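These are my notebook entries on a single protein chain.

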Amino acid sequence: MGLAPVGSASVAPAATPNLLVTFPGGYVSAAGLGNDWDPSNTNTQASDGNSDQVWKFTTNAIPAGSYEFKATVGGTWDENYGLNGVPGGPDVPLHHRGRGDRSFLL
């Protein structure tokens, strides 16, 4: 499985309760969640509620449109995952109809 709006990456960040996993991208400001492409933005922070090393961020604030995003670990671009979970890979395309929740998984 690849990194996608609904799916999971082929790699998982190290298990740490205080790990900052975020999903920066071009949708963030349109959703009213802060600045686009800011890996330290905690408004796009994922959580691992059941400690299975799958980090999830869900929002219903993204308006209809086409965007791109990545997953980052640690609040910087030093560790990031793109399309198909590739470390440092290309941006993941996101096409959203503007209805319902959108979940991001790493």
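Is Thr-22 buried or exposed? I find Thr-22 buried, because its relative accessible area is 0%; buried means under 20% relative accessible area, exposed over 50%, and partly exposed in between, with a 1.4 Å probe and protein chains only.

Before going on, I note that this is a predicted model, in which local features need pLDDT of at least 70 and side-chain atom pairs count only at pLDDT 80 or more, while totals for chains, interfaces and linings use all residues. I number residues from 1 along each chain as its sequence is written, and side-chain values use heavy atoms, with hydrogens and water left out.

**Entry: the chain.** I count seven strands and zero helices in the protein chain; helices (H or I, at least four residues) and strands (E, at least two) are DSSP runs, numbered from the N terminus. Of its 106 residues, 44% count as buried. I also looked up contacts, meaning heavy atoms within 4.5 Å. Among those between residues at least 6 apart in sequence, 62% join residues at least 24 apart.

**Entry: Thr-22.** I place Thr-22 in strand β1, residues 21-22. Leaving out residues up to four places away in sequence, I list its contacts as Pro-39, Asn-41, Thr-44, Gln-45, Lys-70, Ala-71 and Thr-72. The Thr-22 side chain makes a polar contact of 2.5 Å with the side chain of Thr-72. It also reaches the backbone oxygen of Pro-39 at 2.8 Å. A polar contact is a pair of N or O atoms within 3.5 Å; within protein, one must be able to donate a hydrogen and the other to accept it, and residues adjacent in sequence count only if both atoms are side-chain atoms.

**Entry: the sheet.** I trace an open sheet of three strands in the order β1-β4-β5, with antiparallel pairing. Its edge strands are β1 and β5 (79-81), each pairing on one side only; two strands pair if DSSP finds at least two bridges between them. Three bridges join β4 (residues 71-73) to β5, and I find Val-73 bridged to Glu-79 in β5.

**Entry: His-95.** I locate His-95 in strand β6, residues 92-96. His-95 counts as exposed because its relative accessibility is 56%. Beyond four places in sequence, His-95 touches Gly-65, Ser-66 and Arg-102. The side chains of His-95 and Ser-66 are joined by a polar contact of 2.8 Å. From His-95 to Glu-68 I read 8.4 Å, C-alpha to C-alpha, across 27 residues of sequence separation.
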